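Trainee: Can you walk me through this structure? I have not seen it before.

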Amino acid sequence: MLLEAADAWSEAGDYDRALDIYARLLNGNAEGGTGEPDLVDAYRINTLWDAGRDEDARAAAREFRKRHPRHAGAWNFVAESFEAREETDTAAEWFTAGVTHALGAGTPVTVETVEASPEQYDVEMLLIGRHRVRRLLGEPHDDWDDVADILHEHRASPFGGGVRPLDEAHDPLLLKRMADRNRVALEADIEALTGGLPDESRTPRGGPRQTCVLYWPPEEFRLLGERRPESADAHGSDHADHRRQVERTLRELSEQGAARLAVGAATVSGLEAHAKQTGARPETPAARSAYAAELARTDQVVAWPPPRNGPCWCASGRKYKKCCGSPLA
C-alpha cells in the first residue's frame with residue numbers, strides 16, 4: 001500500500017511526498033520498513049530522476065551499486081531509468097552488471113543458468129534490455145546476446161509459430177517509430193510480419209492457440225463472489241490476491257515453456273452465457289477453461305507479458321513494471 005501511495009504521489013507530481021514514503025520504507029528500524037530495500041531504492045532513484053533532481057539520482061545510483069545488490073528487478077529499474085534518459089552507454093553497463101550480480105559472480109551466463117534462476121523473468125528482462133541498448137549502440141552481437149535470443153524464442157511464439165528475432169524487434173528505426181507512436185509505420189511493420197502468411201493464419205481461429213488466463217476486473221470479481229461463492233478458492237480471497245494469482249500463474253506457465261500467453265478480462269454474464277451455450281455448469285473448472293479458450297479464439301485478450309513500460313494488463317492505468325509486473329507484486 002505504501003508503494004502504491006508513493007507511486008500515486010509521484011504520478012501527481014508531488015515528488016517530495018513520494019520520496020518521504022520511500023525514506024520511511026527504507027528505514028528498517030521504523031514502522032513500515034520494507035523487506036525489499038534494493039527494489040524500493042530503485043523506485044526512489046527513478047522518482048529522483050522524475051523530480052529533476054539529477055545529481056541526487058546519480059549519487060543514489062552510485063550508492064546502490066556500491067552495495068552490490070543481487071535483486072534482478074531492482075537492477076532493471078535503474079538500468080531502464082538511464083535508458084529512458086538516452087544515456088545508452090550507461091544503461092548497457094547497468095544491464096550487464098545486473099545480470100552478473102543477479103546470477104552471481106563467476107556464474108556462466110547460459111540459457112540453463114538463467115532458466116534455473118529464482119528470478120528467471122527479471123534476469124531475462126536484464127539480458128533482453130542489454131540486447132536492446134547494445135543494438136542502439138551498434139555493438140556487435142556477443143554470447144550474451146545469443147542467450148537473450150534463445151530466451152526470447154522460448155518466451156513467445158507469435159504469428160504461425162515463428163518469433164521475430166530480437167535484432168529486428170530492437171531495430172533502432174523501429175524503436176524510434178514506437179517512441180514517436182507513428183501508427184502508420186507500425187501498421188506497415190505488422191503487415192510486413194503477417195503479409196506472407198495465409199489469410200486464415202492472421203485470425204485467432206487459424207493461428208496458433210493462445211493460452212488464456214482469466215482475470216476478473218474489480219466489479220466482476222465482486223459479482224462473481226456474490227453469485228458464485230464456490231469459486232473463491234479458484235480466484236483468490238480478495239481482488240488484490242486475485243491479481244497476484246493471475247500474474248503468478250502466467251509466470252509459472254511461461255517458465256514451463258507455454259507460448260503465446262494472454263489475459264482475458266472475464267465477466268460473470270459472459271461465463272454464464274458461454275456455459276449455457278455449451279451445456280456446461282458455470283461453477284466448474286472445465287467451464288471456466290472453455291470460456292477462457294473462447295476469449296482467446298475470438299481475440300478478446302491482451303498478450304502477456306506487456307512491455308515493462310507499457311500499460312499493465314489489469315487495466316489499472318499504471319505501467320506494468322510498477323503494477324502487476326513489479327517483483328513485489
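This is a predicted model: local features need pLDDT of at least 70, side-chain atom pairs count only at pLDDT 80 or more; totals for chains, interfaces and linings use all residues.

Trainee: OK. How many helices and strands does the chain have?

Mentor: There are 17 helices and 3 strands. Helices (H or I, at least four residues) and strands (E, at least two) are DSSP runs, numbered from the N terminus.

Trainee: And what share of the residues is buried?

Mentor: Of the 329 residues in the chain, 43% are buried. Buried means under 20% relative accessible area, exposed over 50%, and partly exposed in between, with a 1.4 Å probe and protein chains only. As for contacts (heavy atoms within 4.5 Å), take those between residues at least 6 apart in sequence: 59% of them join residues at least 24 apart.

Trainee: Let's do the sheet. What order do the strands come in?

Mentor: The order is β1-β2-β3, in an open sheet with mixed pairing. Two strands pair if DSSP finds at least two bridges between them. β1 (211-215) and β3 (302-303) are the edge strands, each pairing on one side only.

Trainee: Which way do the pairs run, parallel or antiparallel?

Mentor: β1 and β2 (residues 261-265) run parallel and are joined by 5 bridges. Val 213 has Val 263 of β2 as its bridge partner. β2 and β3 pair in the antiparallel sense over 2 bridges, and there Ala 262 stands opposite Ala 303 in β3.

Trainee: Why is β2 called largely enclosed?

Mentor: Because 4 of its 5 residues are buried, β2 is largely enclosed by the rest of the structure. Ala 265, which lies in strand β2, is partly exposed at a relative accessible area of 46%.

Trainee: What does Ala 265 contact?

Mentor: Leaving aside neighbours within four places in sequence, Ala 265 is in contact with Tyr 215, Pro 217, Leu 295 and Gln 300. Ala 265 and Trp 216 are 49 residues apart in sequence, with 5.8 Å from C-alpha to C-alpha.

Trainee: Which helix lies across β1 and β2?

Mentor: That is α17 (residues 285-297), running at about 110° to β1. Axes are lines fitted to C-alpha atoms, for helices over the stretch in contact, and angles run from 0 to 180 degrees between N-to-C directions.

Trainee: Now Val 246. Where does it sit?

Mentor: Val 246 lies in helix α15 (residues 239-255) and is buried, with a relative accessible area of 2%. Not counting residues up to four places away in sequence, Val 246 touches Val 213, Leu 214, Tyr 215 and Trp 313.

Trainee: Switching topic: how many aromatic pairs are there?

Mentor: A search of the whole structure finds 9. Rings of Phe, Tyr and Trp (its six-membered ring) pair if their centres lie within 6.5 Å; planes under 30 degrees apart count as stacked, over 60 as edge-to-face and the rest as tilted. One of the pairs is Trp 75 with Trp 94, whose ring centres are 5.1 Å apart and whose planes are at 50°, so that pair is tilted.

Trainee: Which helices hold those two?

Mentor: Trp 75 is in helix α5 (residues 72-84) and Trp 94 in helix α6 (residues 88-103), so the pair ties together parts that are 19 residues apart in sequence. Both Trp 75 and Trp 94 are buried.

Trainee: What sits over the ring of Trp 94?

Mentor: The charged end of Arg 65 does, 5.2 Å from the ring centre. A charge sits over a ring if NZ of Lys or CZ of Arg is within 6 Å of the ring centre and within 35 degrees of the ring normal. Likewise, the charged end of Arg 251 sits over the ring of Tyr 121, 4.6 Å from its centre.

Trainee: Last one: how many disulfides?

Mentor: The structure holds 0 disulfides, a disulfide being a pair of cysteine sulfur atoms within 2.5 Å. For Cys 314, the nearest cysteine sulfur is that of Cys 323, 3.6 Å away.

Technical notes
Residues are numbered from 1 along each chain as its sequence is written. Side-chain values use heavy atoms; hydrogens and water are left out.
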